[in-house]
Amino acid sequence: MLRRALQVGFSRGLLTRSLRTRSGGPFHDRDGKWAEFKKKLQVVWPGGSWEPFTDTSHLPPERADVVIVGGGVIGWSVAYWLKRLEGRKNALRVLVVEQDPTYSRASTGLSIGGIRQQFSLPQNIQLSLFSIEFLRNINEYLAVPDEPSLDLQFNPSGYLLLASEEKAPVMEHNVKIQRQEGAKVCLLSPKQLKNKFPWINTEGIALASYGLENEGWFDPWCLLQGLRRKALSMGVYHSHGKVIDLVSSVRSMVTSSGEQVDLKRIYEVHVKVDNSLEYQPVECAIVINAAGAWSGQVAELAGIGIGCPGTLQGTRLPVEPRKRYVYVWHCPQGPGLEAPLLTDITGSYFRREGLGGYYLGGCSPMEEEEPDTQDLEVDHDFFQEKVWPCLAQRIPAFNSLKVRSSWAGFYDYNTFDQNGIVGPHPLVSNMYFATGFSGHGLQHAPGVGRAVAEILLNGNFDTIDLNLFSFNRFYQGEKVLEDNII
């Protein structure tokens, strides 16, 4: 697929700007050498303040085989796997564009870092199983010579999901699927639950599922930086800027049903760099939309969803930002070191944070309670009114908790069915999606990155079949429902 795209795109044998540099390359001390070079020039050049050259190292390259829009954990995972699976070294020029170099609003760094196999869809379970293998062997995958090893601080305390009488049959069915896929999960009756975790009030609980291994939580920032560091060492380019336009060629055709559609191919990405009114055009063969909560806006730049409602051309990418609050509290009498990440029948959840009686948790709001997404301000009343009462009822020790801090982050929320979108767009032939995971993108990033690289390089999913997550389901109205969305 990608090789064919490159043939119609442009030649890869292109010169890089002489002053452009990669991490650890010959110009890694560029700023110091450039300043020294200018001083020497000023000695012999008339008018010492004149700058004979412009430093363009902050700009993206003029050409790239693959442009990845979004430098979160999904985007860097795609970049890493493209370089790992490319047929020969330096066969692909890959560029990652991230508009927030501080990652202050990025979903990755604001996540609670959970990983679990307790999903209802086999594809999600398989992604989690691969991810845990990747995380456990992260320094085999992401080691960089002369750089320190990565410490994910993985805490294998498991997930504990609770079910009411009404939801117990669904939980039993889901656990059967999880076991068939190779996950180690057990079911607990209320009595067994109380014996194992005496700090739980089992009132209203009919059944619980508990991950026996390969579940828990880890440091999201470490995974992001590990993928980024490794990808850069493999020759991936990166740019801090915002994609403001996607320029396409268009070819119209009429379908067998008489509908006229426009087939598009993106040939140029416009990147507006920080502190500049201008943009840098980047010629490209492939665009990966891994922009997370803002991927719907990126899709619109390519004309996706702009058309008559009910048509394929008028089918939009249904991904938007949804704000979620995380609260940190202190409770010395709370659950001990054996406490898993617990999800209550009300949707409230918590996990331990460190060893000093600290915990973090929250709850997804009802649809009609969704907060404004213009900022990342935290609603403290939401904890008092929605989260704390549920947690205190389930864990009586939490009646005496004291909130210490809080933050908010964004889900890349798929409003259609809360599952990921992976693969190409049917009309914009060289735009591929890796987005819309609605809260489980971090834990599935290693597998999703590999899957996108496979379909780009080989034309199909070689390891985990993710065709179920294609864009076409939105037009066809076929929801892919996941029971266990937290």
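Before anything else, let me say that two strands are taken to pair if DSSP finds at least two bridges between them. Please keep in mind, too, that what we are looking at is a predicted model.

With that in hand, we can turn to strand E11, residues 319-330, which pairs with E15 in the antiparallel sense over twelve bridges, and within E15 it is Ser405 that stands opposite Val328. Strands of a sheet pair through backbone hydrogen bonds, either parallel or antiparallel.

Stepping back from that pair, you will find an open sheet of eight strands, in the order E5-E6-E4-E12-E13-E14-E11-E15, and its pairing is mixed. At the edges are strand E5 (185-188) and strand E15 (402-414), each of which pairs on one side only, while neighbouring strands of this sheet are turned against each other by 20° on average, direction ignored.

Which helices lie across these strands? Helix H6, residues 168-180, lies across strand E4 (159-163), E5 and strand E6 (207-211), and runs at about 155° to E5, whereas helix H10, residues 380-394, lies across E4, E11, E13, E14 and E15, running at about 60° to E11.

Let me finish with the nonpolar cores. The largest has 57 residues, and those touching the most other members are Ile68, Trp76, Leu82, Phe134, Leu223 and Ile288; helix H11, residues 441-458, gives the largest share of this core, nine residues. If we leave aside neighbours within four places in sequence, Leu223 is in contact with Val73, Phe134, Leu135, Ile138, Leu152, Phe218 and Leu442. Apart from this core lies another, of 29 residues, including Leu160, Ile205, Tyr325 and Cys331.

Notes: Residues are numbered from 1 along each chain as its sequence is written. This is a predicted model: local features need pLDDT of at least 70, side-chain atom pairs count only at pLDDT 80 or more; totals for chains, interfaces and linings use all residues. Side-chain values use heavy atoms; hydrogens and water are left out. A nonpolar core is a set of buried Ala, Val, Leu, Ile, Met, Phe, Trp, Tyr and Cys residues joined through side-chain atoms within 4.5 Å. Buried means under 20% relative accessible area, exposed over 50%, partly exposed in between (1.4 Å probe, protein chains only). Helices (H or I, at least four residues) and strands (E, at least two) are DSSP runs, numbered from the N terminus. Contact means heavy atoms within 4.5 Å. Axes are lines fitted to C-alpha atoms, for helices over the stretch in contact, and angles run from 0 to 180 degrees between N-to-C directions.
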